[in-house]
Amino acid sequence: MRRNGHRVNVIDIFHGLADAAALEPLLLLALLLAVGGAIGSLRIGSFSLGPAAVLFTALAFSAFDERLRISREIGIFGLALFAFVVGIGAGPSFFSSMRRGGKALGAVILTLLCAAAVTVAVARAVGLSGPLLSGIYAGALTNTPALAAASQIWNSDLPTVGYSVTYLFGVLGMLIGTMVAVKTTAPAGASAELSSPQAPQLDTATVRVEVEGLPDLQTLSERYDHHIIFSRIMRGDRPGHPGVVDLATDTAVPVPGDIVTVIGDVDRIAQFVQDVGHLSSVALTLDRSSLDYRRIAVSNPKVCGIPIGELRLPRRFGATATRIRRGDVDVLATDDLTLQIGDRVRVVAPPSKLKEVARFFGDSEKGAQAFSLTAIALGLALGVLVGLLTFPLPGGGQFALGMAGGPLIVGLVLGRIGRTGTVLWSLPASAAATLNHLGMMLFLAYAGSNSRSEEHTSELQSHLNLVCRLLLEK
């Protein structure tokens, strides 16, 4: 490259940029996030590195100039933020899954133990050390909090080296495993639906009741494990009488000749139709004279953190919620579902009540994206304090949750609680995704940029030489 008649060496430009980045940590951090984010967004088919590209970018930067390091405070803050946001999002469903999913949880624990046993056996065969081994295990599972815990326990950067080596294989292994599981377990014709991002998760059907002696609609929903709910019921439909469309309240008892609108899982709806009658060609949703529907953004903090059943929509407005749009997913608006800021709730109500219902939920797109920085900071502080606590172990040892475990546990608990007085712990889906992404990238930038030192390089080189010799002997 020439400029003003003089040759400009690209390497000199890089060295000059490295000098500036070494003097100004903010420039270094911005470069790592920008370059790593750009690489992570590149896709090969359905595969992309995502936030992990920041780790490899930081490794490359530190290999070029060992002065290019991100401070520990930035990395640990990113890790704590990432773990806390994950906990907040998973909290509402985590504890119920623990109660109902014992077999699945046991299978996961057994799988992790088997993977750990294989990792230790292979490591002993090739002579890998503890810190490097723990990073290899964390990378194979693509488990960033496990990497942080390993780095903290060993007080070493070697786990990052092992993590960076096995991360790609962990991602590819999960992709291959998912493809095999879908092909071997999905019913015929389901693969296209599963692979389509536009595939609906919920379905709506109009059913004519032909069976006598049915219980009320709430009991019917319980009979199908709350995988179906009802929005409308039309009574008195017969020749010469069009019938009257009314709200399907929990206490309504369907009788032969009634027509109900049911929302839920496709399989449960099919079973319901088979049990009580047959599909009807009468489209109750098209009759908007007595009942109308609307999607409303939840932006009123007073209704967040509260189960839908406790809002008493039928009693207040003669309305019912049928489904919730959370992020990119539609879920049934069951009575025990807790609302979060940013949800979009689909409400069926008399036309004259829709404006009042909208005011009740807030119906502000701007407000739906707002969240409390005070709540996040307070939750992080609690998580860090819990992570600093040490617990005695048999034999005189000590155990601490660390900067990943503490915020994660606190996040799970606060996410389950939902709100404490006026403090709302939940986050809008878009804000949670952004903070999650940012926290992980900050930690990976720190981990990758601090993984290079003379003693680590020599130890890693000796391990790689041993592995290469073993491979050549075979």
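Which residues of helix α14 (residues 354–361) are buried? In the predicted model described here, local features need pLDDT of at least 70 and side-chain atom pairs count only at pLDDT 80 or more, while totals for chains, interfaces and linings use all residues. Residues are numbered from 1 along each chain as its sequence is written, and side-chain values use heavy atoms, with hydrogens and water left out.

The buried residues of α14 are Leu354, Val357, Ala358, Phe360 and Phe361, where buried means under 20% relative accessible area, exposed over 50%, and partly exposed in between, with a 1.4 Å probe and protein chains only. Seen down the axis of α14, these buried residues fall within an arc of 160°, and they therefore line one face of the helix; the arc is that of the directions from the helix axis to the C-beta atoms. Lys355 and Arg359, on the other side of α14, are exposed. The cover over the buried residues of α14 includes β8 (292–297), α12 (308–311), α13 (313–317) and β11 (344–349), contact being defined as heavy atoms within 4.5 Å. Gly362, which follows α14, has a positive phi, near 110°.

The protein chain contains 19 helices and 15 strands, these being DSSP runs numbered from the N terminus, with helices (H or I) of at least four residues and strands (E) of at least two. Of its 474 residues, 39% count as buried. Among contacts between residues at least 6 apart in sequence, 76% join residues at least 24 apart.

The largest nonpolar core has 27 residues, of which Ile70 and Phe443 touch the most other members; such a core is a set of buried Ala, Val, Leu, Ile, Met, Phe, Trp, Tyr and Cys residues joined through side-chain atoms within 4.5 Å.

The axes of α3 and α18 come within 7 Å and cross at roughly 30°, axes being lines fitted to C-alpha atoms, for helices over the stretch in contact, with angles running from 0 to 180 degrees between N-to-C directions. Helices α3 and α18 are therefore roughly parallel to each other, given that angles under 35 degrees count as roughly parallel, over 145 as roughly antiparallel, 65 to 115 as roughly perpendicular and the rest as oblique. In this pair, Ala52, Val54, Leu55, Ala58, Leu59 and Ser62 of α3 meet Met441, Leu444, Ala445, Ala447, Gly448 and Ser449 of α18. By contrast, α2 and α18 pack at an angle of about 110°, with their axes 10 Å apart, and are therefore roughly perpendicular to each other. Their contact is made by Leu29, Leu32, Leu33 and Gly37 of α2 and by Met441, Leu442 and Ala445 of α18.

Thr57, which lies in helix α3, is buried, with a relative accessible area of 6%; not counting residues up to four places away in sequence, Thr57 touches Leu32, Val35, Gly36 and Ile39. Ser48 is located in the loop between α2 and α3 and counts as partly exposed at 23% relative accessibility. With residues up to four places away in sequence again not counted, Ser48 touches Gly40, Leu42 and Arg43.
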